[in-house]
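Welcome! Let's walk through this structure together, one step at a time.

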Amino acid sequence: MRPGLAIIQVGNNPSSLTYVRKKIALCEENEVHHELHHFPESITQQEIVHQIRTLNQQGSIDGILVQLPLPPHLSRLEISNEIKPSKDVDCLHMANFQNLLQNGEDNDIIPCTPAAVLHILDTQEIDVRNQNVTVIGRSQLVGFPLSVLLLRRNAKVTICHSETTVQEHVQKADIVISCAGHKELVKGEWIKNGAKVIDVGITRIPGTNKIVGDIEFQKALSKVSFITPVPGGVGPLTVSMLFKNLYRVWCRSNGLKLNIDEQDEELDYAQNYQF
Ligand SMILES: Nc1nc(=O)c2c([nH]1)NC[C@@H]1CN(c3ccc(C(=O)N[C@@H](CCC(=O)O)C(=O)O)cc3)C=[N+]21
């Protein structure tokens with residue numbers, strides 16, 4: 001049976017509309033069974049929970065993804081914990097998140113964006129061991145788990161957030177990973193010569209369909225030895241990682257042994273990024 005992905009989307013956040021469209025396009029390209037459950041902003045907590053419980057029971061669905069952010073009247077925590085852990089392709093469920101903290105990269109599922117960043121570090125042969133790595137942002141889906149994974153790779157991790165001054169921590173960083181979603185928060189002149197920079201942030205410019213990252217890209221170019229662009233950097237790779245996770249949970253639910261080579265081939269399909 002084909003892998004099946006269910007996406008739950010609430011409201012019409014313009015970014016979510018774009019991301020969901022991309023995920024569905026990739027499902028179609030790769031012949032992945034998919035269902036989009038798109039609800040109006042007014043949906044109640046109970047209705048979402050009911051939908052998740054139905055999907056938890058549904059044999060044709062291997063992975064369930066709740067597109068974030070959710071409107072403020074819904075409890076993300078409670079909703080996340082309704083997802084059957086074996087179908088949780090984003091590592092949102094408390095039990096999966098706890099396992100991630102315990103097992104690091106040996107965990108079954110690594111959330112998609114941190115997995116994309118680790119993939120970039122690996123393919124670019126960037127060794128974080130004993131390096132000053134400054135992570136900007138501490139979200140549950142990105143900054144926080146990523147920082148833990150880097151720590152387990154023996155990086156010296158500094159986590160910046162809304163209550164931190166960023167400049168001094170960027171200045172000392174060998175590697176900067178910015179996941180804030182604040183347009184050009186990191187000034188090119190702050191970056192150490194030869195540093196490596198991964199830009200995870202995405203900000204939409206109102207009234208256009210343009211997006212920009214957290215880093216002053218043009219100014220950073222003369223300083224860095226490596227930088228990922230926005231668009232065309234971490235974003236598309238995040239979607240590839242979703243499919244990697246879906247493939248994993250599908251193998252597990254069908255009692256198949258995971259074939260990593262095959263998995264990497266699957267991933268090649270989806271890789272439309274270029275640095
Ligand atoms: N439960 C959940 N899981 C997620 O994985 C998740 C989420 N919620 N909420 C939002 C973030 C963000 N995210 C992206 C997906 C694709 C691009 C992507 O394809 N970006 C393109 C262009 C996109 C555009 O044109 O807007 C690029 O950067 O080049 C970016 C970001 C997944 N997220």
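Predicted model: local features only at pLDDT ≥ 70, side-chain atom pairs only at ≥ 80, totals over all residues.

In the contact you will find 16 residues from domain 1 and 10 residues from domain 2.

Three residues of domain 1 deserve a look here. Phe97, Leu101 and Glu105 together supply 38% of the area that domain 1 buries against domain 2, more than any other three residues. Glu105 also forms a salt bridge with Arg153, and the closest N and O atoms of this pair are 2.7 Å apart. Across the interface of domain 1 and domain 2, the rule finds one salt bridge.

Now let's turn to a pair of helices. Two packed helices are described by the angle between their axes and the distance between the axes. Helix H5 covers residues 112–123 and helix H9 covers residues 234–253; they pack at an angle of about 110°, with their axes 8 Å apart. That angle makes H5 roughly perpendicular to H9.

Which residues bring these helices together? From H5 come Cys112, Thr113, Ala115, Ala116, Val117, His119 and Ile120, which meet Val234, Leu237, Thr238, Met241, Leu242 and Asn245 in H9. Sorted by class, the contact of H5 with H9 has nine nonpolar residues, four polar ones and no charged ones.

Notes. Residues numbered from 1 in each chain as written. Heavy atoms only, no water. Axes fitted to C-alpha atoms, helices over the stretch in contact; angles between N-to-C directions. Helix = DSSP H or I, 4+ residues; strand = E, 2+ residues; numbered from the N terminus. Parallel < 35°, antiparallel > 145°, perpendicular 65-115°, else oblique. Contact = heavy atoms within 4.5 Å. Nonpolar A, V, L, I, M, F, W, Y, C, P; charged D, E, K, R; others polar. Buried area = accessible area lost by both parts, 1.4 Å probe. Salt bridge = Lys/Arg side-chain N within 4 Å of Asp/Glu carboxyl O.
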